[in-house]
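Subject: Structure handover and findings

Hi,

Please keep it open while you read the notes.

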Amino acid sequence: MAAMSAAATLRNPTTLHHRNLNSAAHVATFPASLSLPSKTAVAAVKWTPITCKSAATADSAVQAPQTAGDSSDRVFNFAAGPATLPENVLRKAQAELVNWRGSGMSVMEMSHRGKEFTSIIQKAEADLRALLNIPEDYAVLFLQGGATTQFAAVPLNLCAPDDAVDYIVTGSWGDKAYKEAGKYCKPNVIWSGKSEKYTKIPSFDALEQNPHAKYLHICANETIHGVEFKDYPTPKNKTSLLVADMSSNFCSKPVDVTKFGIIYAGAQKNVGPSGVMIVIIRKDLIGNTQPITPIMLDYKIHSDNNSLYNTPPCYGIYMCGLVFEDLLAQGGLGEVEKKNMKKAEILYEAIDSSNGFYRCPVEKSVRSLMNVPFTLAKPELEGEFIKEAAAGKMVQLKGHRSVGGMRASIYNAMPLAGVEKLVAFMKDFMAKHG
C-alpha cells in the first residue's frame, strides 16, 4: 500500500478504519469525536485506493519494503569502526525489521530466551564455527564491552595475581592491553615498536619470552598504525598459550584457531555493528577466575549460559549472523582474503608509485590489509584532501587523532569499486597539487 502522510491519515477516519480492519483495539483508542474536514480540504488530499489483502499477503508486504532506497545515495565509508556493512545485509535487515520471518515482531522486540532469538544466536554461532573451522573443544561467546573489557577479562580468567605474562606491543591497542593487565597479574613487554612509531613486527626467533609466562598476548592487527601479523608466534613455554586481539582483522582471512588459547574481537570492524564482542576460548581454560573477577567478566558464567546469562546485544548478534551468512555465500574466508588482498594491493601501489607525494610509513612485509595509513608530502594539503574526498562521497579518511595523516579502512564490506574510486581521486589530487 502506498505511503500516506500522517495529516491525511488523521483527517480520514474511514481510511484509518480500513487500515485497522482486523484490530478493534486500535479503533477503540480513537477520540470519541473527530471534526470532519471541509470539502476544500478533502479535495486537496491525494487519495490512494485501498486493496484488501489476506493476512499472509499483508505479512509478506511488511517484510519487503516498497522503497528500498537508491544505492547511489550511499557513500564509500572508510571509517575504522563502526565501519561499512555489506549493502545486501543491510537490505535484508531492512526487509525483516518490522516482522522477522513471520514472527510478528522485530528482532529488537524479542525475548532473548524465546525460541525465535535462540534460533538466531545458535545459527550465528554455527555459521561462525563453519567460517573459522572452530573445533568443538572451543567455546564461542557473544558478549558486550568491546575489546577494552577483554584487556581485563583475559588476565582475570587465566592468571593468579602473581603470574607472569608476556606482551608483544605493536601499536596503541597492544599497549593499552598491557597496561590494563598490570592491575591483575605481572605483565612484561618482551618487544615494543613504540620507538619506531609502531611500523614493524619483530622476528619471533629474537623474542626473549619468559619461560614461566602463562600466556603470550598480541594484537593481530593494529587499527591505528596499520600493522598486521602475517604469521603468529609460538609461546616457548609448552604450558603457555597464545592470546590475540583480532578486532580489526577478524574474519578477513582464514585462521588456525587451534594455535590460540583465546581469540577476542569487537564486531564493529568486519562482522557487524558496534556493541558485540566475540570471544573464542579453549574450553579447558574456562573456570579458573580470580576471586575478584566481576561476574560479567567470568567466561564460565557466559559459557554455562550459552551467552544468555543476561540480556545480550540481540540485534547486534542478529546482524553478525547475517554477515556470517554473507561471508559463507561468498565462498568462505579464503575467497574473502583474495578480495581483500586485491583491494590492498591497488591502494598500496598507488601510494608507493606516487614519487613521495603519498607515503605509508609501515614496513611493507607487515602492512595491514584492513587499515592503510598514509601521509602527504605537503601536510598543509591534508585538510583539502579530506574535503575534496568527502565531496566525492568518500568519507572518514582522516587519520587517528594520535598519528594524524590519512587512513583508509578497507574491511571486508568495502567493495573494490570504493578502493578504485579512492585511487583515482588520489591520482587526480596529486596531478592538481603535486
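Below are the notes on confidence, aromatic pairs, cores and backbone.

**Ground rules**

This is a predicted model, in which local features need pLDDT of at least 70, side-chain atom pairs count only at pLDDT 80 or more, and totals for chains, interfaces and linings use all residues. Residues are numbered from 1 along each chain as its sequence is written, and side-chain values use heavy atoms, with hydrogens and water left out.

**Confidence**

pLDDT is the predictor's confidence in each residue, from 0 to 100. The chain averages 88. Of the residues, 84% score at least 70. Residues 1–68 are below 50. Beyond near neighbours in sequence, that stretch has 40 contacts in the model. Contact means heavy atoms within 4.5 Å.

**Aromatic pairs**

Rings of Phe, Tyr and Trp (its six-membered ring) pair if their centres lie within 6.5 Å. Planes under 30 degrees apart count as stacked, over 60 as edge-to-face, and the rest as tilted. The count by this rule is 14 aromatic pairs.

Take Y167 and Y215. Their ring centres are 5.9 Å apart and their planes sit at 65 degrees, so this pair is edge-to-face. Y167 lies in strand β3 (residues 164–169) and Y215 in strand β5 (residues 215–219), so the pair ties together parts 48 residues apart in sequence. Helices (H or I, at least four residues) and strands (E, at least two) are DSSP runs, numbered from the N terminus. Y167 counts as buried because its relative accessibility is 1%. Y215 is buried too, at 0%. Buried means under 20% relative accessible area, exposed over 50%, partly exposed in between (1.4 Å probe, protein chains only).

Next, F385 and F429. Their ring centres are 5.2 Å apart with planes at 80 degrees, so this pair is edge-to-face. F385 belongs to helix α13 (residues 382–391) and F429 to helix α14 (residues 416–433), so the pair links parts 44 residues apart in sequence. F385 and F429 are both buried. They also belong to one aromatic cluster with F357, Y358, F374 and F425.

**Helix α9**

The charged end of K176 sits over the ring of W173, 5.6 Å from its centre. The rule needs NZ of Lys or CZ of Arg within 6 Å of the ring centre and within 35 degrees of the ring normal. In α9 (residues 172–181), the buried residues include S172, G174, D175, A177 and A181. Their cover includes α8 (146–158), β3, β4 (186–192), β5, β6 (221–222) and β9 (262–266).

**Nonpolar cores**

A nonpolar core is a set of buried Ala, Val, Leu, Ile, Met, Phe, Trp, Tyr and Cys residues joined through side-chain atoms within 4.5 Å. The largest has 88 residues. L132, M246, F250, I280, L347 and F385 have the most contacts inside it. Helix α11 gives the largest share of this core, 9 residues. Leaving aside neighbours within four places in sequence, L132 is in contact with F250, C251, K253, V255, V257, I280 and L333. Apart from this core lies another, of 31 residues, among them C159, A181, Y198 and L297.

**Backbone and loops**

Most residues other than glycine have a negative phi, and most peptide bonds are trans. These are the spots to check.

- G81 and P82 are joined by a cis peptide bond, with omega about 0 degrees. P82 is in the loop between β1 (76–77) and α6 (87–95).
- Y198 has a positive phi, near 55 degrees. This residue is in the loop between β4 and β5. Y198 is buried, with a relative accessible area of 7%.
- S307 has a positive phi of about 65 degrees. This residue lies in the loop between α10 and α11. S307 is buried at 5%.

T199 is in the loop between β4 and β5. At 12% relative accessibility, T199 counts as buried. Not counting residues up to four places away in sequence, T199 touches V227, P361, V362, E363 and V366. N305 lies in the loop between α10 (299–304) and α11 (314–329). At 31% relative accessibility, N305 counts as partly exposed. N305 and L141 are 164 residues apart in sequence and 9.7 Å apart in space, C-alpha to C-alpha.

Best wishes
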